[in-house]
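Hi,

Here is the structure I promised to pass on. Have a look at it first, and then read my notes below.

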Amino acid sequence: MQNTHTRVRQALATGLLLAGLGACGGGDSEVSPTQSLSYNAAGRVVLNDASSCGLPDFRADLLAQINAARAQARFCGAELMPPVGSLSWDDRLFSAAAKHASDMAQSNYFDHIGLDGRTPSQRISAEGYRWSFAGENIAAGQTSVVSVMAGWLASPGHCANLMHSPYTDVGVACVLAPAGASYSRYWAMKLGRP
């Protein structure tokens, strides 16, 4: 299996993607930062207010913006990336993203490597997604789908991950952090191809 670990390293090398920091913005007054994730019978996180920062139309908005970005040629840093195919939402990738975003929020860290030492591809495999390509983008502090997507597209490594042609599937989660955390929200995007 080929792994896009080099892309993950590139994303790490570009520095942390931190923008839009501050208190939680409007629209999520019903979501508590301590609200725990919900799981289905298979042990996967389900999409709800706790795994989407209470943002309305979370999945539809993300897919629309991701696929609109991939449909256009763009520069990711100095590298010109051609248009590439659309991605489909995958619940296993979403679950891996939600668990990592929640772990970062609850443990107040920001890294592709979890505190348990697991890598993005290991987290994806743990959800039952048998991948030939796997990658991850993370962000912290952004208060909307628009702002997190703008940040990822402005970062060469994150942009290159989004525009990587082999990917066919995606899952993205956003989790509110408890009081005292470095950022108000933690985001994780998992990308894959079976």
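**What I found**

Reading from the N terminus, the elements of the protein chain go α-α-β-β-β-α-α-β-α-α-β-β. That comes to 6 helices and 6 strands. Please keep in mind that this is a predicted model. Of the 194 residues in the protein chain, 50% are buried. Among contacts between residues at least 6 apart in sequence, 74% join residues at least 24 apart.

**The sheet**

I'd start with the sheet. Its 4 strands form an open sheet in the order E3-E5-E6-E4, with mixed pairing. Strand E3 (88–89) and E4 stand at the edges with a single partner strand each, so one side of each has no neighbour in the sheet.

Going through the pairs:

- E3 and E5 pair in the parallel sense over 2 bridges, and Trp-89 stands opposite Val-170 in E5.
- E5 and E6 run antiparallel and are joined by 8 bridges. Cys-174 has Trp-187 in E6 as its bridge partner, while the bridge partner of Gly-171 is Lys-190, also in E6.
- E4 and E6 are antiparallel too, again with 8 bridges. Here Ile-138 stands opposite Ala-188 in E6.

In case you want the background, strands of a sheet pair through backbone hydrogen bonds, either parallel or antiparallel.

Now, how many residues of E5 are buried? The count is 8 of the 8, so E5 is largely enclosed by the rest of the structure. Asp-169, Gly-171, Ala-173 and Val-175 are buried on one side, and Val-170, Val-172, Cys-174 and Leu-176 are buried on the other.

Strand E4 (residues 133–140) stands at an edge of the sheet, and yet 8 of its 8 residues are buried, so E4 is largely enclosed by the rest of the structure. Both of its faces are covered. Phe-133, Gly-135, Asn-137 and Ala-139 are on one side, with Ala-134, Glu-136, Ile-138 and Ala-140 on the other.

**The helices around it**

H3 lies across E3, E4, E5 and E6 and runs at about 30° to E5.

**The core**

The largest nonpolar core has 42 residues. Those with the most contacts inside this core are Phe-58, Ile-66, Trp-152, Val-172, Trp-187 and Met-189. The elements that give two or more residues to the core are H2, helix H3 (91–107), E4, helix H5 (145–154), strand E5 (169–176) and E6. As a general point, nonpolar side chains tend to be buried together in soluble globular proteins.

**The aromatic rings**

The structure holds 4 aromatic pairs. One of them is formed by Phe-58 and Trp-187, which are stacked, at 6.0 Å centre to centre with 25° between the planes. Why is this pair worth a look? Phe-58 lies in helix H2 (residues 58–70) and Trp-187 in strand E6 (residues 185–193), so the pair ties together parts that are 129 residues apart in sequence. Phe-58 and Trp-187 are both buried.

Leaving aside residues up to four places away in sequence, Phe-58 touches Leu-47, Ser-51, Ser-52, Trp-89, Val-145, Val-172, Ala-173, Cys-174 and Trp-187.

Elsewhere, ring pairs link Phe-110, Tyr-183 and Tyr-186 into a cluster.

Cheers

Key
Residues are numbered from 1 along each chain as its sequence is written. This is a predicted model: local features need pLDDT of at least 70, side-chain atom pairs count only at pLDDT 80 or more; totals for chains, interfaces and linings use all residues. Side-chain values use heavy atoms; hydrogens and water are left out. Rings of Phe, Tyr and Trp (its six-membered ring) pair if their centres lie within 6.5 Å; planes under 30 degrees apart count as stacked, over 60 as edge-to-face and the rest as tilted. Buried means under 20% relative accessible area, exposed over 50%, partly exposed in between (1.4 Å probe, protein chains only). Two strands pair if DSSP finds at least two bridges between them. A nonpolar core is a set of buried Ala, Val, Leu, Ile, Met, Phe, Trp, Tyr and Cys residues joined through side-chain atoms within 4.5 Å. Contact means heavy atoms within 4.5 Å. Axes are lines fitted to C-alpha atoms, for helices over the stretch in contact, and angles run from 0 to 180 degrees between N-to-C directions.
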